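User: Hi! Could you walk me through this one? I'd like to start with the sheet.

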Number of protein chains: 2
Amino acid sequence: MTGVFPPSMSTVVALDVGGTTMKGLIARPDGQLVTAGRWPTPREDGPDAVVEAVLNAADDLVASAGDRVDAVGLVVPGFVDEQRGVATYSENIRWRDVPLRRLVAERTGLPVAFGHDVRSCGLAERALGAAREARDALVLPIGTGISGAMFVAGRQVRNPYAGEIGHLPVCGDEPCACGATGCLEAIASGAAIARRYGRATGRRVRGAAQVVSALRQGDEVAARVWAEAIAALADALTIYIGLLAPELIVLGGGVSLAGSTLLEPLREQVRRRLSWQPEPRLALAELGEHGAGAGAALLARGLLTRDLDRPA
Amino acid sequence: MTGVFPPSMSTVVALDVGGTTMKGLIARPDGQLVTAGRWPTPREDGPDAVVEAVLNAADDLVASAGDRVDAVGLVVPGFVDEQRGVATYSENIRWRDVPLRRLVAERTGLPVAFGHDVRSCGLAERALGAAREARDALVLPIGTGISGAMFVAGRQVRNPYAGEIGHLPVCGDEPCACGATGCLEAIASGAAIARRYGRATGRRVRGAAQVVSALRQGDEVAARVWAEAIAALADALTIYIGLLAPELIVLGGGVSLAGSTLLEPLREQVRRRLSWQPEPRLALAELGEHGAGAGAALLARGLLTRDLDRPA
């Protein structure tokens, strides 16, 4: 990704820690944003192993950037305390209260900006991607799980417990990992779409992309599983629209790679559910799988700008 | 209500236009907030008659305040364009695009602050009532209809289409005035509680208060209708909590006069539905039926303060 960022005086690196993979980026002074490494997240080996892997990946990333690196941006999933720089909890990784900002700063000797993967993705889409200039918007990465980055009256909602759109009840009886039934995530996440299609066909399914591909070849079971996911998404978005009346909803994450196969029926289903509410624009994310990383790089740059602008 | 407001240099009057009644208040320099008139809202006579009644009530109110009045606060239901001072639409009153701020200013010769009844009620509860100092809060008047005043990160959400909690789907099959089925408002508003109890008993029911009174005397039908309303409210609040994670929810409007008969089972039902989400405090509104009017008086005072602080 060339020239994604505006030019700057600094080089920063960004690490996006996911449940399966950690992805690295380097943001150069000329605005180039370069992919720089992918490491498995060893969550089967327990939370301590993941913390060690994060520290090693941060080291690798700084080394691979070559010349001087000025700051690190780090984003992680789950509940995040941005103020204290602590990863509070992640259901996937099972860590609790890990002071990651301090640990990465100690390991790399660099200033570290720390944030939440989904809010970071929202930040990047709003600064550089599909949500530019939106005042009231939802950026919704649909991946293994589903949660949203919310913008209200031009400001990002930073409450760490807000945006849990994946657990909105959409009246199904599918059990969810959270203990409830009928959560959006149990029907419409990438993992759920793959699981439900696998269960209905008895096939081994690698991911939602395989379901989309089957659907495009006329597979009726794939069409049904997909339609159920779309209907559940439309129900959840209608709830969001009734409460927050966004002008724009940006769909991201792996499932959004389905493009118009996602966007067109979803837009139609949402339209059908609205009455007095103004219809928001629906759009696809522009930063692809690097939204959270790009946001982490922005956070790292922000750290430096803030240091320059407002010396303590 | 004595000494509700802080002292000030000015006297303002406030008019809260409801679907059934218009209520007047006078806010004196010493902080006294005095009820000053009640007029029927002649909505059966059409929107023009209501506009005329609003202008007459504003005149009466200014006259009854006696000495010099410095400003008028006016709040109305439905969709409101605060910037332009226009009542955009009300389902109850059936007016469309009425420039009420200008009309009342012309009639009274005074500066007029114009706002939305529910957001005004939220403003007052946050400034003076049960939501003081809350950063993330929902103020929810439950009356003929249900809609909420939302506070996110310390700021009130002013998007005129936001907060439509009364139309959250809570999985019932009760038809709603909006055309959908299963809306919260169709089960848990004061009007719905009265209507559902009347339908089940064949009795003529004046309002939700009568149902609460029957319930307290051991009436099983009243207990069932009330329990269904509580369950629907708990479902809707759980949706709100999942999206916005408020620290506080304030219940107001006529239905909240049921006090602990509302608050205790609702708190219990919400608690049962939460898992990872932090449980918000649930509290009753403190300004009773005068929340919206008190907010209108604050808006009118704000107009004067703003004029003094920041001369154009």
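User: Which residue does Val139(B) stand opposite in β12(B)?

Analyst: Val139(B) sits across from Val250(B) in this predicted model. The two strands involved are β9 (residues 137-141) and β12 (residues 248-252) of chain B, which run parallel and are joined by 5 bridges.

User: Nice. What packs on the sheet there?

Analyst: Helix α3 (residues 117-128) of chain B does, touching β9, β10 (149-152), β11 and β12 of chain B. The direction of α3 makes about 55 degrees with that of β10(B).

User: And what's the strand order in chain B?

Analyst: The order is β11-β10-β9-β12-β13, an open sheet of 5 strands with mixed pairing. β11 (155-156) and β13 (281-284) of chain B are at the edges with a single partner strand each, so one side of each has no neighbour in the sheet.

User: Switching to helices: at what angle do α7(B) and α8(B) pack?

Analyst: Helix α7 (residues 220-244) of chain B packs with α8(B) at about 50 degrees, and their axes are 9 Å apart. That angle makes α7(B) oblique to α8(B). The crossing is right-handed.

User: Which residues of α8(B) meet α7(B)?

Analyst: Among them are Leu262(B), Pro265(B), Leu266(B) and Val270(B), with α7(B) contributing residues including Trp226(B), Ile230(B) and Leu237(B).

User: Last one: which residues have the most contacts inside the largest nonpolar core?

Analyst: Leu266(A) and Leu266(B), in a core of 95 residues. Leaving aside neighbours within four places in sequence, Leu266(A) is in contact with residues including Ile230(A), Leu251(A) and Leu282(A).

Note on methods. Residues are numbered from 1 along each chain as its sequence is written. Chains are lettered from A and ligands numbered from 1 in the order in which they are written. This is a predicted model: local features need pLDDT of at least 70, side-chain atom pairs count only at pLDDT 80 or more; totals for chains, interfaces and linings use all residues. Side-chain values use heavy atoms; hydrogens and water are left out. A nonpolar core is a set of buried Ala, Val, Leu, Ile, Met, Phe, Trp, Tyr and Cys residues joined through side-chain atoms within 4.5 Å. Buried means under 20% relative accessible area, exposed over 50%, partly exposed in between (1.4 Å probe, protein chains only). Contact means heavy atoms within 4.5 Å. Two strands pair if DSSP finds at least two bridges between them. Helices (H or I, at least four residues) and strands (E, at least two) are DSSP runs, numbered from the N terminus. Axes are lines fitted to C-alpha atoms, for helices over the stretch in contact, and angles run from 0 to 180 degrees between N-to-C directions. Angles under 35 degrees count as roughly parallel, over 145 as roughly antiparallel, 65 to 115 as roughly perpendicular and the rest as oblique. A crossing is left-handed if the near helix is turned anticlockwise from the far one by less than a right angle, and right-handed if clockwise.
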